[in-house]
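Dear colleague,

Please find below the structure for your review. A summary of the findings follows it.

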Amino acid sequence: MRFFCFFSKIFTWLSIICLLLSCDDNVGADNFSATGNSENLLDFASFVEITNYKSGYYIKVLSPWSNDDLGEFYLYPDSLRLPDELEKCQVIRTPVNSVVTYSSTQWSVFLQLDEIQRVKGILESSFTKNVEIKNLMAEGKIKDVGIETQINVEKVIEIQPDVILYTPYSTIPKTDIGELTGAVMFPFADYLENHPLGRAEWLKVIGYLTCREKDTDKWFDNIVTNYESIKSLCDSVKNKPSVFSDLPYEGQWYVPGGKSYIARIFKDAGAEYVWNENNSTASQPIDAETVLAKAGDADYWRIMNSTDFPYSYKRLSIENELYTHFNAFKEKHVIVCDVMKTSYFEKSQYQPDFLLKDFVKIFHPELIEEDYEPQFYYLLNE
């Protein structure tokens, strides 16, 4: 009996030790059961989950391409002693002091929160129109560290960031500079979200990284209230105009799927997307003639202009004579977003309410105040 009791105690202690040492990439679920609170703190985002963990948070970033997660992280206050069970986990001490951002949708949240001093490096700075960012670049407070497919590793090493917010792609491998710099590589998968509010909710991630979660919660709540209020204006409309999207590239028209981000915007704005029966979230390559056959009679045509010179109907007709055969072209119902002037990629993700309002103003002008000034999209008149 004594031998059995002794063996039982040894087994118990070994179990405890194994539990404390078991913190790896799959530790999340076991530890959360001990916290008594595993409720996801996010409501709309599909590819990120945030839950409470003791005095910090646990974040899981999900993958749309496989059953594997893109990453699991523990956010823990820098002012507190790190719990023993997190010693071997991916831990981000908060608030983060030094960050490299791969996308303007990331640094724009730091800017809005007045936390831009934490951003030390960005990509492709030549494309930004933001004056404050340009000034910080000129002063050397923020460095350009290259492009997504060619990161300037030396500059990143010089910055020594705590965290690198990178954009995960299925076709572009992650540049593993985390090992060289000691930085945590955090996959910021916001662009994968197909619900406008899901994409906007990623701003909360930066709120948690900067210990400004109360501010980002309030910010996002206002976005939701405004978006749903504008959407409700279109709930009872009977006349829903048809719309299609984009331009061909090298002979192929990359048509957004019927479950895509822009398709959801069209639907919420009281329009019928011509490919709404398509269940894909991704863009599909279709030849231009097939697009003409499908969308030739559509009421509206949405395009984005990323050049230094503005679009016009004359320019479109010169670019491709096929465009003149679309009903939306003939009726001057082409909807344009000039990304160079509107800072679309920096602002629209966190202003889906204004994005939606732009389209409602075009599709159903009687529902929006007459003096409303579009933020991103306008109807091309000339």
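Predicted model: local features only at pLDDT ≥ 70, side-chain atom pairs only at ≥ 80, totals over all residues.

Residues are numbered from 1 along each chain as its sequence is written, and side-chain values use heavy atoms, with hydrogens and water left out.

Overall make-up

The chain contains 16 helices and 19 strands (DSSP runs numbered from the N terminus, with H or I over at least four residues for helices and E over at least two for strands). Of its 382 residues, 50% count as buried (under 20% relative accessible area; exposed is over 50%, and partly exposed lies in between, with a 1.4 Å probe and protein chains only). The chain exposes about 19500 Å², of which carbon and sulfur atoms supply 50% (Shrake-Rupley method, 1.4 Å probe; for residues, only the protein chains shown count as cover). Among contacts (heavy atoms within 4.5 Å) between residues at least 6 apart in sequence, 56% join residues at least 24 apart.

Salt bridges

A search of the whole structure gives 15 salt bridges (a side-chain nitrogen of Lys or Arg within 4 Å of a carboxyl oxygen of Asp or Glu). One of them pairs R212 with E115 at 2.8 Å, N to O. This pair links distant parts of the chain, 97 residues apart: R212 lies in the loop between α8 (203-209) and α9 (213-232), and E115 in the loop between α3 (104-112) and β6 (119-122). R212 is partly exposed, at 22% relative accessible area, whereas E115 is buried, at 8%.

A further salt bridge joins D268 and R264, with the closest N and O atoms 3.1 Å apart. Both residues belong to helix α10 (residues 261-268), and because they are four residues apart, about one helical turn separates them. D268 is buried at 3% relative accessibility, while R264 is partly exposed at 30%. Elsewhere, salt bridges that share partners join E115, R118, R212 and D215 into one network.

Helix α16

The twelve residues of α16 (residues 352-363) should span 16 Å at 1.5 Å a residue, and the end C-alpha atoms are 16 Å apart, which agrees (the expected span is 1.5 Å times one less than the number of residues). Eleven of the twelve residues are buried, so α16 is largely enclosed by the rest of the structure. Among these buried residues are D353, K357, D358 and K361.

Yours sincerely
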